[in-house]
Amino acid sequence: MTTASARRARGRLFYAAVLTPTLLALAVLAALVLDVLGDSVSWQVVEPAGSGSSFSVAEGFRFTGTWERVVRLELAARGESAEEVDALLANSEERRIFAARNRVELMWAVDGQPLRWVVTSSRDKLISDHALVAGARERKALLAELRPGQHLYLNQWLDGSIFGRNTSRSPLVAGLAPALLGSLWVMALVILIAVPLGAAAAIYLEEYSQDTWAARAIEVNLRNLAGVPSIVYGILGLAVFVRFMRLGPVVLAAALTLALLVVPVVVIAAREAIRAVPDSMRQAAYGLGATKSQVAFRVVLPAALSSIVTGVILAVARAVGETAPLLLIGAAAFVPGLPSSPMSQYTVLPVQIYSWVGENNPEFAHVASAGIVVLLCVLALLYGVAFWLRRKFERRW
Amino acid sequence: MRERLVAVALGAAAWVTVLTTIAVVAVLARETFAFFTDPLVSVVEFFTGDRWTPLFLDKHFGISPLLAGTFLVTAIAMLVGVPLGIASAIYLSEYATPPVRRRVKGVLELLAGIPTVVLGYFALLFVTPWLQTFIPGLKLFNALSAGLVMGFMILPIISSLASDAMISVPNSLREAGYGLGASKLDVVIKIVLPAAFSGIVAAVILAFARAVGETMIVTLAAGQRPILTLDPRETIATMTSFIVQAATGDQPAGSLAARSLYAVASVLFVITLLLNLVSQALVRRFRERYE
C-alpha cells in the first residue's frame, strides 16, 4: 500500500511531466521567432565605397523626400557639386540605376552613435559580419580594431525599402518585391480556383450524394489526398500543367497545382460547416416549396459561409507557405520582372527564402530572415482574419 | 432540368478530387515504368543495391541509401515528437480547463502552421550551430538537427489528434476508475490511454507519414549526400531531398536521371498512402467503439 502523500507526489510529478512538453513546444516557437528577428539585424564592419559619411536623423528626415534628401547629403559629401546632383536626380534613368545600386538606410548604430542615415552601396566592402548578440558583446573590440575608412554598422536588414526592390546578386540591395507580388498573385488565383471547386464538392457530398459506392470512393479518396506529401503535387503539376498543358513555369501553373493541394482541406472544412447547419432549416425551406438547389445555395451555403471562409483562409495560409511543389514546377530564384499576369514567370516568398538560405554569402542569411519575418507577418495576418471571423460569426445551432 | 444541371456540376467538382488521384497515379506509373524498362536499370538492384548515384557518370540505382536517410531523420523526429506529443495531449485532455485547452491548442496550431522552409532555416542556422557546441563531429548538414526540428513539427499533429481521441473517451470510464479508488495518474495511464489507444496510434502513424513526406527541413538542413549510414551526425539524403535535387538541377527531361526522380516519388507515394490507410482504419475502429 502506498501512502497518500507518496501518491500525491507521484501525481504532481506526472502533472509536471505532461505539462513540460507543452511548454517546451511553446519555447521552441518563441526561440524560432526570436532567432529570425535577431538574424534580421547584424553588426557589420564595412569599408564603404561611397563617402563614408553618416547623417543625423534630423538632417536626413523630411516628411516628403527623405530618400532624395539623404542622397543629396551623400553626394555632396562625395564632393559632387549641387548642379551635378540636380542633374543626376532629374534624370530618371540615372536615378533608377542609383537606386538599384545604393540604399538609403537608417542604421541603428554607426560606429559609436545611434540612429544615423547612411547610403550603402552594393560595392561596399564587407570586412566582417557579426550576429546581434555576439556583436554587441564584442562591440568595444570591434570599434578599437576599425582601420581608417572602415565603419561599424548595426544594420537592420528589414526596412521599408526591401518591399520596393527587385532581387539582386548583392545581398545589400536584394529586395522582396517580385516574391511578395508573386505570392499575392498565386494566393489570389488559388482562392479563385480552390474555393468554388472545394465548396461545390462539399455541397455535393453533403446535400446531394446518397450513400453509394461512388460517394464512399470520393470520401476515402479525399482523406488520402489530404495525406499525400506536397512534393508529389509538385510532380503532378510539372507533368500535367507545365509540360502536358504547356503552360510553362508561370503563375497559373503554380496556382493550379496549389489549388489541387488545398482542395481536400477546403472540402473537409466546408463539409463540417455544412453538416453543422441544422436540418430544421432545410426542412423549413422545403416546406416553403424550395427546390433542392435553392435550399443548397440560399439556405445552407449562407448559413455555413463564415465557417467555410475560415477553413478557406487556413487552407490559403498553407498554400502561401508551400515551397517544395513550387521548386519542382519552376518558381525561379531570379525572375526578369514583376509578375503582371497569370502567364508571367514568377517567384514566391518561400522559394525566394529557400534560394537565399542556400547562398554561400552569409549576408544572405540576414536577407532570408527579413523575408521570413515578412512571410510570417503575412501568415499572422491570415490567421488573425480567420480567428476574427470565427469569433465574430460563431454560431451555435 | 435546371436542378439536374446543378447536381451534375456539383458532382463534377467532387470528381475532380478523384481525377487528381488518378492523374497522380498515372503520371507516377508512366514515368516509373519508363525508368524500369531502361536497360541500365534493374528492379532487383533498385530494391537491394546500396548505392544511389543517378546524377553521376557511374550510375547506380539502389534506393536503400535514400530509404535509410528518410527513416533516420523520421526516427529522430518520432523519438522527439511522439513522447512529447502524447504527454502534451494528456495535459490538454486531462488537466487543462477548456479555456486553457483552447488557447494552448491555438498556439500549437501556430507552430504547426510555420512554413517548413522556415523550420529548415531554423534547423540549419540555429539548431545545428547550437548542437555543434557540444556534439563533436557534427556535420554542417546533418540528420540530427533536421530530425529534432521535424519532431517539433509533428508534435502539434500528434498532440491535437491524440487529445481529441482522449477527450472522446466517455467520462463514465474515468468515473468508474475513481469510484474504485484510483488516483488521477492511474485513471490516465490505466484507463484513458488504453481506451484511446487506437486513436493515439492513428495520430502517430499520420505524423509518421507527414515526417516521411516532409521536404524542406531535410533539403535545407540534412544535406544531399545519399550514403548508407545510421549515424545522425552525418550528411544524408532523403527521398524527398533527392527529388528536389534532381528536379532543380539541370537534368534534361526524359533522361534517366530525371526519370529516377519519379521512381523515388512512387516509392514515397506508396509508403505514405499505406500509412494513411492504416491510420484511417484505426480511427474508424476507434469511432465505432465510442461514438
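Residues are numbered from 1 along each chain as its sequence is written, while chains are lettered from A and ligands numbered from 1 in the order in which they are written. Because the model is predicted, local features need pLDDT of at least 70 and side-chain atom pairs count only at pLDDT 80 or more, whereas totals for chains, interfaces and linings use all residues.

**Confidence and overall form**

The model scores ipTM 0.91 and pTM 0.92. The C-alpha trace of chain B spans about 75 × 70 × 35 Å along its principal axes. Of the 291 residues of chain B, 51% are buried, that is, 20 or more other C-beta atoms, placed from the backbone, lie within 10 Å of their own. Contacts join residues whose C-beta atoms, placed from the backbone, lie within 7 Å. Among the contacts in chain B with a separation of 6 or more, 73% come from residues 24 or more positions apart.

**Two helix pairs**

Axes are lines fitted to C-alpha atoms, for helices over the stretch in contact, and angles run from 0 to 180 degrees between N-to-C directions.

| Pair | Residues | Axis distance | Angle |
|---|---|---|---|
| α6(B) and α9(B) | 143-167 and 197-213 | within 8 Å | roughly 155° |

α6(B) passes α9(B) in a right-handed crossing. Residues of α6(B) including B:M150, B:I154 and B:L161 meet residues of α9(B) including B:G199, B:A203 and B:R210. By class, this contact has 13 nonpolar, 1 polar and 1 charged residues; Ala, Val, Leu, Ile, Met, Phe, Trp, Tyr, Cys and Pro count as nonpolar, Asp, Glu, Lys and Arg as charged, and the others, Gly among them, as polar.

**Contact between the chains**

The contact draws 64 residues from chain A and 61 residues from chain B. Helix α1 (residues 4-39) of chain A gives the largest share of the chain A side, 18 residues. That side divides into 49 nonpolar, 9 polar and 6 charged residues.

In the pair of α16(A) and α5(B), A:A365, A:A368, A:I372 and A:L375 meet B:V118, B:Y121 and B:L125. This contact has 7 nonpolar, no polar and no charged residues.

Methods
Helices (H or I, at least four residues) and strands (E, at least two) are DSSP runs, numbered from the N terminus. A crossing is left-handed if the near helix is turned anticlockwise from the far one by less than a right angle, and right-handed if clockwise. Two residues are in contact if their C-beta atoms, placed from the backbone, lie within 7 Å. A residue is buried if 20 or more other C-beta atoms lie within 10 Å of its own, exposed if 12 or fewer, and partly exposed in between; C-beta atoms are placed from the backbone.
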